[in-house]
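Here's a quick briefing on rings, core packing and strand pairing. Have the structure open while you read.

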Amino acid sequence: QVQLVESGGGLVQAGGSLRLSCAASGRTFSMNTMAWFRQAPGKEREFVARIKWADNLIYYADSVKGRFTISRDNAKNTVYLQMNSLKPEDTAVYYCTAGDRGGDANTYWGQGTRVTVSS
(Lines give C-alpha, C1' and ligand atoms only; values in the text may rest on other atoms or scores of the structure.)
Protein backbone atom coordinates (compact mmCIF):
# COMPACT_ATOMS: atom_id res chain seq x y z
CA GLN A 1 0.00 0.00 0.00
CA VAL A 2 0.99 3.58 -0.65
CA GLN A 3 -0.28 6.50 1.36
CA LEU A 4 -0.50 9.96 -0.18
CA VAL A 5 -0.84 13.24 1.68
CA GLU A 6 -1.41 16.50 -0.18
CA SER A 7 -0.69 19.95 1.18
CA GLY A 8 -0.30 23.51 -0.01
CA GLY A 9 -3.83 24.42 -0.96
CA GLY A 10 -5.45 27.68 0.05
CA LEU A 11 -7.03 30.91 -1.09
CA VAL A 12 -5.24 33.03 -3.69
CA GLN A 13 -6.18 35.92 -5.94
CA ALA A 14 -6.38 35.49 -9.69
CA GLY A 15 -2.92 35.78 -11.22
CA GLY A 16 -1.27 34.42 -8.10
CA SER A 17 0.66 31.22 -7.47
CA LEU A 18 0.50 28.20 -5.23
CA ARG A 19 2.65 25.09 -4.89
CA LEU A 20 0.99 21.83 -3.97
CA SER A 21 2.93 18.96 -2.47
CA CYS A 22 2.13 15.27 -2.36
CA ALA A 23 4.17 13.14 0.00
CA ALA A 24 4.14 9.39 -0.54
CA SER A 25 4.86 6.75 2.09
CA GLY A 26 4.61 2.99 2.39
CA ARG A 27 5.51 0.81 -0.60
CA THR A 28 6.93 3.71 -2.57
CA PHE A 29 9.54 1.46 -4.23
CA SER A 30 6.76 -0.06 -6.34
CA MET A 31 5.52 3.26 -7.72
CA ASN A 32 6.23 4.27 -11.29
CA THR A 33 3.98 7.28 -11.83
CA MET A 34 2.22 10.04 -9.95
CA ALA A 35 -0.35 12.53 -11.11
CA TRP A 36 -2.63 15.37 -10.11
CA PHE A 37 -6.36 15.48 -10.73
CA ARG A 38 -8.89 18.09 -9.68
CA GLN A 39 -12.60 18.35 -9.11
CA ALA A 40 -14.38 21.67 -9.26
CA PRO A 41 -17.73 22.20 -7.55
CA GLY A 42 -20.48 20.55 -9.56
CA LYS A 43 -18.08 19.12 -12.11
CA GLU A 44 -16.48 15.77 -12.79
CA ARG A 45 -12.95 15.02 -11.68
CA GLU A 46 -10.41 15.85 -14.39
CA PHE A 47 -6.77 15.12 -15.14
CA VAL A 48 -4.27 17.91 -14.53
CA ALA A 49 -0.71 16.56 -14.87
CA ARG A 50 1.31 13.35 -14.73
CA ILE A 51 4.95 12.39 -14.34
CA LYS A 52 6.38 8.95 -15.08
CA TRP A 53 9.48 7.64 -13.36
CA ALA A 54 11.13 5.49 -16.04
CA ASP A 55 11.64 8.14 -18.69
CA ASN A 56 10.58 11.22 -16.74
CA LEU A 57 7.78 11.87 -19.24
CA ILE A 58 5.42 14.63 -18.25
CA TYR A 59 1.88 15.27 -19.45
CA TYR A 60 -0.44 18.21 -18.89
CA ALA A 61 -4.06 18.97 -19.53
CA ASP A 62 -4.45 21.64 -22.19
CA SER A 63 -6.14 23.90 -19.68
CA VAL A 64 -3.00 24.16 -17.53
CA LYS A 65 -0.17 23.95 -20.08
CA GLY A 66 2.26 26.80 -19.69
CA ARG A 67 0.93 27.70 -16.25
CA PHE A 68 1.40 24.55 -14.13
CA THR A 69 4.58 22.52 -13.63
CA ILE A 70 4.78 19.03 -12.15
CA SER A 71 8.04 17.87 -10.62
CA ARG A 72 9.34 15.33 -8.14
CA ASP A 73 11.92 14.95 -5.41
CA ASN A 74 13.01 11.32 -5.34
CA ALA A 75 14.75 11.61 -1.99
CA LYS A 76 11.58 12.89 -0.34
CA ASN A 77 9.14 10.69 -2.30
CA THR A 78 7.28 13.89 -3.02
CA VAL A 79 5.67 15.29 -6.14
CA TYR A 80 4.92 18.98 -6.54
CA LEU A 81 2.52 20.99 -8.64
CA GLN A 82 3.63 24.57 -9.14
CA MET A 83 0.62 26.60 -10.23
CA ASN A 84 1.17 30.05 -11.69
CA SER A 85 -1.15 32.59 -13.28
CA LEU A 86 -4.07 31.04 -11.45
CA LYS A 87 -7.57 31.66 -12.71
CA PRO A 88 -10.92 31.41 -10.93
CA GLU A 89 -11.67 28.34 -13.05
CA ASP A 90 -8.73 26.59 -11.37
CA THR A 91 -10.77 26.53 -8.16
CA ALA A 92 -11.12 22.87 -7.18
CA VAL A 93 -10.07 20.15 -4.80
CA TYR A 94 -6.76 18.83 -6.07
CA TYR A 95 -5.97 15.14 -5.64
CA CYS A 96 -2.67 13.33 -5.92
CA THR A 97 -2.53 9.81 -7.33
CA ALA A 98 0.13 7.13 -7.63
CA GLY A 99 0.43 3.95 -9.61
CA ASP A 100 2.48 0.75 -9.36
CA ARG A 101 4.49 -0.95 -12.06
CA GLY A 102 2.17 -3.30 -13.89
CA GLY A 103 -0.90 -1.84 -12.25
CA ASP A 104 -3.35 0.97 -12.73
CA ALA A 105 -1.74 4.38 -13.02
CA ASN A 106 -4.11 5.77 -10.39
CA THR A 107 -4.27 2.97 -7.86
CA TYR A 108 -3.74 5.22 -4.88
CA TRP A 109 -5.43 8.53 -4.10
CA GLY A 110 -4.85 11.20 -1.51
CA GLN A 111 -7.57 12.99 0.41
CA GLY A 112 -7.25 16.18 -1.59
CA THR A 113 -6.33 19.78 -0.90
CA ARG A 114 -8.63 22.68 -1.70
CA VAL A 115 -7.56 25.53 -3.95
CA THR A 116 -9.73 28.62 -4.23
CA VAL A 117 -8.90 31.37 -6.69
CA SER A 118 -10.76 34.63 -6.19
CA SER A 119 -11.41 37.05 -9.03
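The charged end of Arg-72 sits over the ring of Trp-53, at 4.2 Å from the ring centre. To count here, NZ of Lys or CZ of Arg has to be within 6 Å of the ring centre and within 35 degrees of the ring normal. Keep in mind that this is a predicted model, where local features need pLDDT of at least 70 and side-chain atom pairs count only at pLDDT 80 or more, while totals for chains, interfaces and linings use all residues. Numbering runs from 1 along each chain as its sequence is written, and side-chain values use heavy atoms, with hydrogens and water left out.

**Rings and charges**

- Arg-45 also lies over a ring face, that of Tyr-95, 4.2 Å from the ring centre.
- There are three aromatic pairs in the structure. For a pair, ring centres of Phe, Tyr or Trp (its six-membered ring) lie within 6.5 Å; planes under 30 degrees apart are stacked, over 60 edge-to-face, and the rest tilted.
- Phe-37 and Phe-47 are edge-to-face, because their planes stand at 75°, with the centres 5.7 Å apart.
- Phe-37 belongs to strand β4 (residues 31-39) and Phe-47 to strand β5 (residues 46-52), so this pair ties together parts that are ten residues apart in sequence. Strands (E, at least two residues) are DSSP runs, numbered from the N terminus.
- Phe-37 is buried at 12% relative accessible area, whereas Phe-47 is partly exposed at 26%. The cut-offs are under 20% for buried, over 50% for exposed and in between for partly exposed (1.4 Å probe, protein chains only).
- Phe-37 also pairs with Trp-109, and that pair is tilted, with 5.2 Å centre to centre and 50° between the planes.
- This second pair links distant parts of the chain, as Phe-37 in β4 and Trp-109 in strand β10 (residues 108-109) are 72 residues apart.
- Trp-109 is partly exposed, with 33% relative accessible area.
- Put together, ring pairs join Phe-37, Phe-47, Tyr-95 and Trp-109 into a cluster.

**The nonpolar core**

- The largest nonpolar core has 29 residues, and those touching the most other members are Leu-4, Met-34, Trp-36, Leu-81, Met-83 and Tyr-94. Such a core is a set of buried Ala, Val, Leu, Ile, Met, Phe, Trp, Tyr and Cys residues joined through side-chain atoms within 4.5 Å.
- Elements giving two or more residues to this core include β1 (2-7), β3 (18-26), β7 (68-73), β8 (78-83), β9 (92-100) and β11 (113-118).

**The four-stranded sheet**

- An open sheet of four strands runs in the order β1-β3-β8-β7, with antiparallel pairing. Two strands pair if DSSP finds at least two bridges between them.
- β1 and β7 are at the edges with a single partner strand each, so one side of each is left without a neighbour in the sheet.
- Neighbouring strands here are turned by 15° against each other on average, direction ignored. The axes are lines fitted to C-alpha atoms.
- β3 and β8 pair in the antiparallel sense over six bridges; Cys-22 has Val-79 as its bridge partner in β8, and Leu-20 has Leu-81.
- β7 and β8 also pair in the antiparallel sense over six bridges, with Ile-70 opposite Leu-81.
- Four residues separate β7 and β8 in their hairpin, and Asn-77 in the turn has a positive phi of about 50°.
- Five of the six residues of β8 are buried, so β8 is largely enclosed by the rest of the structure.

- Ser-21 lies in β3 and is buried at 15% relative accessible area.
- Leaving out residues up to four places away in sequence, Ser-21 touches Val-5, Glu-6, Ser-7, Trp-36, Thr-78, Val-79 and Tyr-80. Contact means heavy atoms within 4.5 Å.
- Gln-1 is in the segment before β1 and counts as exposed, at 60% relative accessibility.
- With the same exclusion of residues up to four places away, Gln-1 touches Ser-25, Gly-26, Arg-27 and Tyr-108.
- The C-alpha atoms of Gln-1 and Ser-25 are separated by 8.6 Å, with the two residues 24 residues apart along the chain.

Terms used: Axes fitted to C-alpha atoms, helices over the stretch in contact; angles between N-to-C directions.
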